[in-house]
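Dear colleague,

I am passing on the structure below, followed by notes on what was found in it. Please read them with the model open beside you.

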Amino acid sequence: MGCSSFCSVYARSLIVLGWVLLAYSLYFYHYAAFCGWKYDNSFARIALVGDPQIEGENRLWLGYYGVIDLLINDIYMNHIVYNIMRFLEPTHMVVMGDILGSQYIAEEEFNRRVDRYRFIFRSAINQSDTQLINLVGNHDIGYGNEVNDYLIGRFEAAFGATNTNLWIKDAESPDGQHLLVIANGQVLDPSRSQSIRDKTWKHLNRSAKLAAKHNATILLAEHIPLHKDAHVCVDVPRVWMTDGSEDIFKGGYVYSQNTLSANATDFILNGMKPKFVFVGHDHEGCIYDHPSKSGEIIREYTLRSMMGDYSGYIGLFEISRSADGNFQYHFQYCPYAWIKLPIVLVIALLVWALLAGSLVVGSCLCRRGS
């Protein structure tokens with residue numbers, strides 16, 4: 001094969017490879033355009049963001065690798081939020097707790113991570129048509145054994161109330177109301193701070209009465225999954241107490257937990273009677289239907305984490321009215337990609353550029369040789 005023939009084949013191969021890389025680049029940069037809402041008339045479009053777990057100084061011991069790792073993670077999550085906001089325009093964005101990677105951080109490090117949170121979620125923060133809601137998780141304030149007024153106070157100063165309510169109304173039919181109940185799930189089981197625990201339980205009781213008064217449907221959002229049978233989701237239902245037992249009635253406090261206790265779960269299912277429950281915590285994600293004592297089915301969505309190792313999933317939940325006036329609901333995921341794939345794409349583009357450059361040089365040499 002002559003020099004010119006080789007260059008011709010080489011060029012055609014690069015063109016094909018270039019188109020493939022361009023297609024992948026367009027997808028990775030605009031991936032949320034391939035997601036969408038099911039209903040054209042949905043009046044609530046809620047983007048649910050699972051467990052960002054923003055890390056920090058604990059990575060810096062790795063040196064430059066740690067710095068680069070944090071930078072890539074921040075850019076990765078920022079890009080996900082940007083895509084969701086640009087292409088899907090949710091009415092609400094709910095971050096499902098574990099915003100930070102650890103509760104064991106000093107004030108200075110906490111403030112640095114808050115600044116990085118504002119970078120990651122700036123597309124939502126700057127969008128006046130979207131309400132950004134932050135749940136509190138165990139990596140933000142600890143489990144029941146660790147929660148205190150200081151940890152609660154600094155979280156609320158940066159991210160908003162740990163117990164609050166939000167009305168979601170159909171503008172065309174104001175009688176159609178949904179009450180989004182935000183709660184601190186870390187203190188529903190025995191907590192060292194009884195006052196913080198009491199505030200949360202009072203909030204849940206008041207919310208249940210408020211919804212009943214207005215004949216409203218409850219949507220409950222908190223961080224810890226509800227108790228359920230083993231092996232239906234990834235994490236088994238366990239609560240570890242400071243006394244070494246798994247019995248919440250022995251006088252200890254929660255040291256760690258995969259799920260809420262059966263006791264707390266029973267109140268939520270049969271006392272509050274939400275139609276849907278949204279939680280985070282286990283990273284893998286799960287959808288489970290709980291039967292209540294009244295015979296109603298309560299669906300629990302455990303949101304898969306948005307972290308890179310879990311492919312940047314975002315949950316999309318929407319509410320609309322059907323033609324006959326009844327409410328209809330829909331949930332789906334909008335996945336991005338495993339964090340290493342966009343990095344591989346960037347490397348492939350750089351290699352392609354080098355190969356294209358070598359083609360230009362080779363073509364010049366061929367012409368000289370001829």
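Axes here are lines fitted to C-alpha atoms over the stretch in contact, with angles running from 0 to 180 degrees between N-to-C directions, and helices (H or I, at least four residues) and strands (E, at least two) are DSSP runs numbered from the N terminus.

This is a predicted model, in which local features need pLDDT of at least 70 and side-chain atom pairs count only at pLDDT 80 or more, while totals for chains, interfaces and linings use all residues. Residues are numbered from 1 along each chain as its sequence is written, and side-chain values use heavy atoms, leaving out hydrogens and water.

In the loop between strand S2 (92-95) and helix H4 (107-120) lies Ile105, which is buried at a relative accessible area of 8% (buried is under 20%, exposed over 50%, with a 1.4 Å probe and protein chains only). Ile105 is 48 residues from Glu57 in sequence, and their C-alpha atoms are 8.9 Å apart.

By contrast, Tyr64, found in helix H3, is exposed, with a relative accessible area of 75%.

With kind regards
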